[in-house]
Amino acid sequence: MTDNQEIRDRLIEAARELFARDGFDAASVRDITARAHANLGAITYHFGSKEALYHAVIERFAIPLADRLAAISVETGPPLERLATALWVFMDHIWSRPEMPRLMVRELASDRPLPEPVAQVIRRNMESFSRIVMDGQRDGTIRAGEPHLMAMSIAGQPLFLALASRAIRQAIGTDPGDPAIRTLIAEHVITNIQAAFAKHPAPADGPAVSAAAVREHSTQDRAP
């Protein structure tokens, strides 16, 4: 790795943490470069601007997820199975990158227009989930409904649980950082979504496709 690439990577890592914690406006160039152990002009030199650095953060940590979901959405397996896989991939990605859901929710709550990389990622993820839903509606396995609204429901539950992980740990003593607890939560989410979307729901003794059953598939070619 070249020195320039190493500095770029340190700036992206530092910016990801500070943008998620403080928001775009409050995260200062001085604080980002100090955390990255870079000189004050490094952001301008390597990225051109603070906003371009912000876009690089989104591209590094959100676009790989969008690519993975898009690939799952065009596979040929049963839609409910693909939905389970997509959910597992989505949850695994955001739980292993806790700054990402905080950063995205800050953007959703902000009054400023969405930066195009953020809008692109949201658009792509919603289209991927919608495509799976529409495939299931066509083959009769997923109930009728507006696909984009259903896609929002798919993404909403994992995002909320990722954002609430600290509160869950403090309030009820369940640690979402424990891999066994994460698996339990994933199975719960998959069961709920499949039951809500299936035209003919499976018996209530477990998810139609469990989290354990999709882990091997969903971690293949995992995005960095």
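**Ground rules.** I'm working with a predicted model, so local features need pLDDT of at least 70 and side-chain atom pairs count only at pLDDT 80 or more, while totals for chains, interfaces and linings use all residues. Residues are numbered from 1 along each chain as its sequence is written, and side-chain values use heavy atoms, with hydrogens and water left out.

**Entry: H4 against H7.** I looked up how helix H4 (residues 50–61) sits against helix H7 (residues 99–109): their axes come within 11 Å and cross at roughly 130 degrees. Helices here are DSSP runs (H or I, at least four residues), numbered from the N terminus. Axes are lines fitted to C-alpha atoms, for helices over the stretch in contact, with angles from 0 to 180 degrees between N-to-C directions. H4 and H7 are therefore oblique to each other; that is the label left over after roughly parallel (under 35 degrees), roughly antiparallel (over 145) and roughly perpendicular (65 to 115).

Which residues in H4 and H7 meet? From H4 I noted Tyr-54, Val-57, Ile-58 and Phe-61, and from H7 Met-100, Leu-103 and Glu-107. Contact means heavy atoms within 4.5 Å. By class, I get six nonpolar residues, no polar ones and one charged. Nonpolar covers Ala, Val, Leu, Ile, Met, Phe, Trp, Tyr, Cys and Pro; charged covers Asp, Glu, Lys and Arg; the others, Gly among them, are polar.

**Entry: aromatic pairs.** I searched the whole structure and got four aromatic pairs. Rings of Phe, Tyr and Trp (its six-membered ring) pair if their centres lie within 6.5 Å; planes under 30 degrees apart are stacked, over 60 edge-to-face, and the rest tilted.

Phe-19 and Tyr-54 have ring centres 5.0 Å apart and planes at 85 degrees, so I wrote down edge-to-face. Phe-19 is in helix H1 (residues 3–22) and Tyr-54 in H4, 35 residues apart. Buried or exposed (under 20% or over 50% relative accessible area, partly exposed in between; 1.4 Å probe, protein chains only)? Phe-19 is buried at 1%, and Tyr-54 is buried at 2%.

Phe-90 and Phe-129 are edge-to-face too, with centres 5.8 Å apart and planes at 75 degrees. This pair links helix H6 (residues 79–95) to helix H8 (residues 116–139). Phe-90 is buried at 5%, and Phe-129 at 0%.

I also noted that ring pairs link Phe-19, Phe-24 and Tyr-54 into a cluster.

**Entry: H5.** Eight of the 11 residues of helix H5 (residues 63–73) are buried, so H5 is largely enclosed by the rest of the structure. Among them are Ile-63, Leu-69 and Arg-68.

How values were computed: Helix = DSSP H or I, 4+ residues; strand = E, 2+ residues; numbered from the N terminus.
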